[in-house]
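Please examine the sequence and the model shown below. The briefing that follows is arranged by topic.

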Amino acid sequence: MRKVLLIEDEANIAEALRFILSRDGWEVSVVSDGARALAEVERLRPDLVILDSMLPGMSGLEILTALRADAANATLPILMLTAKGQLRDREAAERAGVSAFMSKPFDNSEIRAKVRDLLGA
C-alpha cells in the first residue's frame with residue numbers, strides 16, 4: 001500500500017483528507033506540528049507528502065526547503081495545500097521545489113486526481 005504523510009494542523013481538514021484518500025486505498029498518516037514533520041518523513045518514508053503552508057513550530061515552506069536540501073527527499077512528491085493562494089506564495093513554493101500546489105478549499109475529486117497523478121497511479 002502506498003503511504004501518504006499529511007502535514008496539516010486543522011483536525012477537520014486532516015480527517016477529511018484521511019477519509020478521502022484512505023477510501024482510495026492510500027495509507028494516510030497525519031502530523032499536525034511542523035516541528036515534528038521532518039522526523040515523521042524520516043520515520044515513515046512516505047511515497048507522497050501533502051503539506052499545509054501555515055503550521056505551528058515550522059512553516060510549510062521551511063519544511064519543503066529542508067526536505068529538498070536532503071538528497072534522500074529530492075524527488076519525493078510534495079503537494080502544498082494552503083489557504084494562502086496568492087501568487088507570491090505559489091512562486092515561493094515553486095522556487096523551493098514543490099511538486100504541485102493546491103488552494104483550500106479544495107474539491108475532493110480534484111485532490112484525489114492530483115494525488116493519483118503525483119504517484120503515477
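Phe-101 lies in strand 5, which spans residues 100-103; strands (E, at least two residues) and helices (H or I, at least four) are DSSP runs, numbered from the N terminus. This is a predicted model, in which local features need pLDDT of at least 70 and side-chain atom pairs count only at pLDDT 80 or more, while totals for chains, interfaces and linings use all residues. Residues are numbered from 1 along each chain as its sequence is written, and side-chain values use heavy atoms, with hydrogens and water left out.

**Phe-101**
- Phe-101 counts as buried because its relative accessibility is 11%; buried means under 20% relative accessible area, exposed over 50%, and partly exposed in between (1.4 Å probe, protein chains only).
- Between Phe-101 and Arg-2 there are 99 residues of separation in sequence and 20 Å in space, C-alpha to C-alpha.

- Asp-52 is found in strand 3, residues 48-52.
- With a relative accessibility of 3%, Asp-52 counts as buried.
- An unreviewed UniProt entry annotates Asp-52 as "modified residue: 4-aspartylphosphate"; UniProt positions are given in the numbering used here, feature names are shortened, and annotations may be inferred rather than shown by experiment.
- Leaving aside neighbours within four places in sequence, Asp-52 is in contact (heavy atoms within 4.5 Å) with Ile-7, Glu-8, Asp-9, Gly-60, Leu-81, Thr-82 and Lys-104.
- The side chains of Asp-52 and Lys-104 are joined by a polar contact of 3.3 Å. A polar contact is a pair of N or O atoms within 3.5 Å; within protein, one must be able to donate a hydrogen and the other to accept it, and residues adjacent in sequence count only if both atoms are side-chain atoms.

**Backbone features in loops**
- The peptide bond from Lys-104 to Pro-105 is cis, with omega near -5°.
- Pro-105 is placed in the loop between strand 5 and helix 5 (108-119).
- Arg-45 lies in the loop between helix 2 (34-44) and strand 3.
- Phi of Arg-45 is near 50°, a positive value in a residue other than glycine.
- Arg-45 is partly exposed, as its relative accessible area is 38%.
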